[in-house]
Amino acid sequence: MAELSEQQTGEEKRRRRSRKGETRRAEILTAAMRRFAEDGYQNAAIGDIARDVGLSLPGLLHHFPTKVDLLLAILAQRDLESADFIEHYRSDLSGLLKGMVAIFRRNADMIEVVRAFAILNAESLMKGHPAKAWFLARATQMQKDVAATFERAIADGTIDAKTDGRAMAAELIAVMDGLQMLWLRDPDRFDMVGGLEAYVGRLLASLGLEG
């Protein structure tokens, strides 16, 4: 019985350390996104991120050995969020379009996160950037997923068969990116959510779907 009790105590200690480690990693990722939003990935100093969360540089490096590891962890987290979004909303075209408005509404409360990803996205166009492949794959997959939803709507007769699903997907993503950039430049004056909501309403009407 004593051996079993010691084993249980050891497992409980490991669980507590694991939870504490997960909490600390989440704090580091939040601080890193804030720094990337303010300074850009290239200029952000990992030492500054460590100080932001009250850690020494070796303490931060215990969780993320390099700045690239930090970046990849942030992108992996974003991957999970993107997958959840697509899975939740892509069942039908009307739901997908309205879901994108819902995502914009959520993003409007996370300006630091959105700004960080907009900066990383632009920086990833530079040769040799560590996030270049991730952003390319993300853009390609998003266009494929949105186009596939348009194509299903064409196949089941929901929208006109002459609709170009790929072109519509590219247009929709371009509108979203443009509205987001206008909002990031002047968040107090520009209504990103209202802009997308109005566009989606017009698009639904033009496709013969409910507004």
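User: Which exposed residues does α9 carry on the face turned away from its buried side?

Analyst: That face of α9 carries R202, A205 and S206. Exposed means over 50% relative accessible area, buried under 20% and partly exposed in between (1.4 Å probe, protein chains only). The model is predicted, with local features needing pLDDT of at least 70 and side-chain atom pairs pLDDT 80 or more, while totals for chains, interfaces and linings use all residues. Residues are numbered from 1 along each chain as its sequence is written, and side-chain values use heavy atoms, leaving out hydrogens and water.

User: What makes one side of α9 its buried side?

Analyst: M192, V193, L196, Y199, V200, L203 and L204 are the buried residues of α9. They cover an arc of only 135 degrees around the axis, so they sit on the same side of α9. The arc is taken from the directions that run from the helix axis to the C-beta atoms. These buried residues pack against α5 and α8, contact meaning heavy atoms within 4.5 Å.

User: What is found at the two ends of α9?

Analyst: At the start, a side-chain oxygen of D191 comes within 3.4 Å of the backbone nitrogen of V193. That meets the distance limit for a polar contact, a pair of N or O atoms within 3.5 Å; within protein one atom must be able to donate a hydrogen and the other to accept it, and residues adjacent in sequence count only if both atoms are side-chain atoms. Just after α9, G208 has a positive phi of about 80 degrees.

User: How do you know that the span of α8 agrees with its residue count?

Analyst: Helix α8 (residues 165-185) has 21 residues, which should span 30 Å at 1.5 Å a residue; its end C-alpha atoms lie 31 Å apart, so the two agree. The buried residues of α8 are G165, M168, A169, L172, I173, M176, L179, Q180, W183 and L184. Seen down the axis of α8, they fall within an arc of 140 degrees and therefore line one face of the helix. R166 and R185 are exposed on the other side. The packing partners of the buried residues are α5 (93-107), α6 (111-123), α7 (132-155) and α9 (192-206). At the start of α8, the backbone nitrogen of R166 has a side-chain oxygen of D164 within 3.2 Å.

User: Why is R35 called buried?

Analyst: R35 has a relative accessible area of 19%, so it falls under the limit and is buried. R35 belongs to helix α1 (residues 2-39). Its side chain makes a polar contact of 2.7 Å with that of D52. Beyond its neighbours within four places in sequence, R35 contacts G40, A44, D48, I49 and D52.

User: Is A131 buried or exposed?

Analyst: A131 is buried, because its relative accessibility is 0%. This residue lies in the loop between α6 and α7. Not counting residues up to four places away in sequence, A131 touches L71, L75 and S124.

User: Why is the pair of W134 and F135 called edge-to-face?

Analyst: Rings of Phe, Tyr and Trp (its six-membered ring) pair when their centres lie within 6.5 Å; planes over 60 degrees apart count as edge-to-face, under 30 as stacked and the rest as tilted. W134 and F135 lie 4.8 Å apart centre to centre with 85 degrees between the planes, and the pair is edge-to-face. W134 is buried at a relative accessible area of 15%, and F135 is buried at 6%. Ring pairs join F117, W134 and F135 in a cluster.

User: How many aromatic pairs does the structure hold?

Analyst: The structure holds three. One of them joins F36 and Y41, edge-to-face at 5.3 Å between centres and 70 degrees between planes. Both F36 and Y41 are buried.

Technical notes. Helices (H or I, at least four residues) and strands (E, at least two) are DSSP runs, numbered from the N terminus. The expected span of a helix is 1.5 Å times one less than its number of residues.
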